[in-house]
Amino acid sequence: MTDPTSAPNGANKTQSSNGIRDGIAHAPGGGDALLHLDDVVFLLLDHQAGLFQVVKDISVAELRANTAMLAKLATLLKIPVITTASVPEGPNGPLMPEIHQFAPHSVHVPRKGEVNAWDNELFVKTVRETGKKTLIIAGVWTSVCVMFPALDAKAAGFKVYTVIDASGDPSEMASRTTLARFTQAGVVPISANAVLCELQRTWNRPDAAEIAQLYTMVAPNYAAVMESYDRAREVALHPHAPAPELTHQ
């Protein structure tokens, strides 16, 4: 009997059915339940200086680092990014600059005072024009700026993921009740680290070193792992070389 996964010339159809395209045969079906790189768009909503000041469920430094990582990941993997802001000329303040700095291809959609970005016709039109059906949303506040468009997008037929640690709320209670409402509505909560892992899929890729640097943004201690590995490897290759930190210029 012919193996249904086999193909002429020794090729293997598991390559296409798995989604990892690295020239290696992988188990069919792997990754089917995960994010698909060719179908995602990042919506980064209302990450504004004024709103950051009332975030209490996560440190602002961590929130900004995770959001900046998403921007860098979008550039590295050529993922569309759409941003918007809630009355940036008022107390809510301007968007954090890292997003457009690290993802210069981002498209910014101005709003006309709407609290819910999905009430803005141009915003929804811009999302639809990407042709993507999986929305990865982060923003401040999670219970408003993220939840309102997330629920509407889900009702409109999109797959919706919300990046909880690239978002923030005024209290732990607000965050917990928002998570409950997400799960009841079929919106999937996810972490920035999981977004990175799911879209990466394999270390067997030419941009592996750049991917590794992104992990240091969402898990700073991973930098120590990389440093200790690099040092051990250097010692193994050059056992008699002096340690760089012990040499004097």
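**View 1. Asp 46 in its loop.** At 1% relative accessibility, Asp 46 counts as buried. Here buried means under 20% relative accessible area, exposed means over 50%, and partly exposed lies in between (1.4 Å probe, protein chains only). Asp 46 sits in the loop between E1 and helix H2 (49-52). Helices (H or I, at least four residues) and strands (E, at least two) are DSSP runs, numbered from the N terminus. Phi of Asp 46 is near 60°, a positive value in a residue other than glycine.

This is a predicted model: local features need pLDDT of at least 70, side-chain atom pairs count only at pLDDT 80 or more, and totals for chains, interfaces and linings use all residues. Residues are numbered from 1 along each chain as its sequence is written, and side-chain values use heavy atoms, with hydrogens and water left out.

**View 2. The chain as a whole.** The secondary structure comes to 10 helices and six strands. The chain has 249 residues, and buried residues make up 45% of them. Contact means heavy atoms within 4.5 Å. Of the contacts in the chain with a separation of 6 or more, 72% join residues 24 or more positions apart.

**View 3. Val 87 in its loop.** Val 87 is found between strand E2 (81-84) and helix H4 (98-102). Its phi is near 45°, a positive value in a residue other than glycine. Val 87 is partly exposed, with a relative accessible area of 37%.

**View 4. Helices H3 and H9.** Two packed helices are described by the angle between their axes and the distance between the axes. Axes are lines fitted to C-alpha atoms, for helices over the stretch in contact, and angles run from 0 to 180 degrees between N-to-C directions. The axes of H3 (residues 60-77) and H9 (residues 208-218) come within 8 Å and cross at roughly 165°. That makes H3 roughly antiparallel to H9. Angles over 145 degrees count as roughly antiparallel, under 35 as roughly parallel, 65 to 115 as roughly perpendicular and the rest as oblique. From H3, the contact includes Ala 65, Met 69 and Leu 73. From H9, it includes Ile 211, Leu 214 and Met 217. The residues of this contact divide into nine nonpolar, one polar and two charged. Ala, Val, Leu, Ile, Met, Phe, Trp, Tyr, Cys and Pro count as nonpolar, Asp, Glu, Lys and Arg as charged, and the others, Gly among them, as polar.

**View 5. Helices H6 and H7.** The axes of H6 (residues 142-155) and H7 (residues 172-185) come within 11 Å and cross at roughly 5°. H6 and H7 are therefore roughly parallel to each other. Val 146, Met 147 and Leu 151 are among the H6 residues that meet H7. Phe 182 and Arg 181 are among their partners in H7. The residues of the contact divide into seven nonpolar, three polar and two charged.

View 6. A cis peptide bond joins Val 140 and Trp 141, with omega about -5°. Trp 141 lies in the loop between strand E4 (134-139) and H6.

View 7. Asn 120 lies in the loop between strand E3 (107-108) and helix H5 (121-129). Asn 120 is buried, with a relative accessible area of 3%. A polar atom of its side chain lies 2.9 Å from the backbone nitrogen of Phe 123. Leaving aside neighbours within four places in sequence, Asn 120 is in contact with residues including Val 109, Pro 110 and Arg 111.

How values were computed. Polar contact = N/O pair within 3.5 Å; in protein donor to acceptor, adjacent residues only side chain to side chain.
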